[in-house]
Amino acid sequence: MVRIRLIGGVAVEDGDQTLAAPPSRRAWALLGWLALHPGVQSRAQVAARLWPDVLDSSARQSMRSALWSLKQSLDEAGIDLLVTTRDRVGIAPHVETDLTLFGEHVAAGRLAAAVALGDGDLLAGLDDEWALVARDNHRELLVAIMGRLSKQTSDPVDA
């Protein structure tokens with residue numbers, strides 16, 4: 001099964017194989033953003049998010065370049081995880097992320113498992129504004145979960 005790791009740094013894992021980062025940091029940022037936002041997205045919206053300070057045409061060209069670099073790395077490793085059309089791009093539905101698994105642990109009340117999986121910086125190594133916001137949100141959630149877990153273990157059990 002193909003998994004994208006977002007906690008502790010962006011990585012693609014396929015069984016025992018971990019894909020080396022593509023030569024372009026922007027390609028890795030694109031992968032991180034797509035994995036953080038499940039489903040298929042408008043290319044124009046993704047380009048605007050990742051390159052907010054440039055003209056639309058330049059942002060779209062930068063995204064095409066990052067997408068090409070990412071696809072090259074994935075193709076060389078024989079990993080199929082992207083969905084691309086002329087106007088849309090996203091992560092294939094069969095690909096899971098550690099962040100999704102983290103959320104499933106939280107929803108099921110498996111707080112210790114969530115903390116074990118989620119203890120690390122989300123999107124480590126990426127310093128884009130959207131990544132910093134996501135990282136801060138993840139940290140806040142993790143602290144809240146640790147607080148809930150601590151409260152659970154310190155409350156006396158009713159007899």
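Predicted model: local features only at pLDDT ≥ 70, side-chain atom pairs only at ≥ 80, totals over all residues.
Reader: What is the strand order of the open sheet of four strands?
Author: Its edge strands are β3 (17-19) and β7 (96-97), each of which pairs on one side only. The pairing in this sheet is mixed. Read across, the order is β3-β2-β1-β7.

Reader: Which helix lies across β1, β2, β3 and β7, and at what angle does it run to β2?
Author: The helix in question spans residues 25-36. Strand β1, one of those it lies across, takes in residues 2-5. The helix is α1, and it runs to β2 at about 70°.

Reader: Is G15 buried or exposed?
Author: You will find G15 in the loop between β2 and β3. The cut-off for exposed is over 50% relative accessible area. G15 has 56% relative accessibility, so it counts as exposed.

Reader: How far apart in space are G15 and V83?
Author: Along the sequence, G15 and V83 are 68 residues apart. Taken from C-alpha to C-alpha, their separation in space is 20 Å.

Reader: Which residue is the bridge partner of Q41 in β6?
Author: Q41 is found in strand β4. That strand runs antiparallel to β6 (residues 88-91), with three bridges joining them. In β6, the partner of Q41 is V89.

Reader: Is Q41 buried or exposed?
Author: A residue is called buried under 20% relative accessible area. Q41 has contacts with W33, L34, V46, D87, R88 and V89, leaving aside its neighbours within four places in sequence. At 17% relative accessibility, Q41 counts as buried.

Reader: Which residue's backbone oxygen does the side chain of Q41 reach?
Author: Here we turn to a polar contact, for which the cut-off is within 3.5 Å. The side chain of Q41 comes to 3.1 Å from a backbone oxygen, and that oxygen belongs to H37.

Reader: Why do the buried residues of α2 line one face of the helix?
Author: The residues concerned are R43, V46, A47 and L50. An α-helix has 3.6 residues a turn, so residues three or four places apart point the same way. On the other side of α2, Q45 and R49 are exposed. Seen down the axis of α2, the buried residues line one face because they fall within an arc of 100°.

Reader: What covers the buried residues of α2?
Author: The cover comes from both helices and strands. Among the strands are β4, β5 and β6. The helices include α1, α3 (56-77) and α6.

Reader: Which helices do the buried residues of α5 pack against?
Author: In α5 (residues 111-118), the buried residues are L111, A114, V115 and G118. They fall within an arc of 95° seen down the axis, so they line one face of α5. The helices they pack against are α4 (98-107) and α6 (129-154).

Reader: How many helices and strands does the protein have?
Author: Along the sequence, the pattern is β-β-β-α-β-α-α-β-β-β-α-α-α. That gives six helices and seven strands.

Reader: What share of the residues in the protein is buried?
Author: For an overall picture, the C-alpha atoms fill a box of roughly 65 × 35 × 25 Å along the principal axes. The protein exposes about 8,800 Å², with carbon and sulfur atoms supplying 52% of it. Of the 159 residues, the buried share is 41%.

Conventions: Residues numbered from 1 in each chain as written. Heavy atoms only, no water. Pairing = 2+ DSSP bridges. Helix = DSSP H or I, 4+ residues; strand = E, 2+ residues; numbered from the N terminus. Contact = heavy atoms within 4.5 Å. Axes fitted to C-alpha atoms, helices over the stretch in contact; angles between N-to-C directions. Buried < 20%, exposed > 50% of the residue type's maximum accessible area, 1.4 Å probe, protein only. Arc of directions from axis to C-beta. Areas by Shrake-Rupley, 256 points an atom, 1.4 Å probe, with all protein chains shown as cover. Polar contact = N/O pair within 3.5 Å; in protein donor to acceptor, adjacent residues only side chain to side chain.
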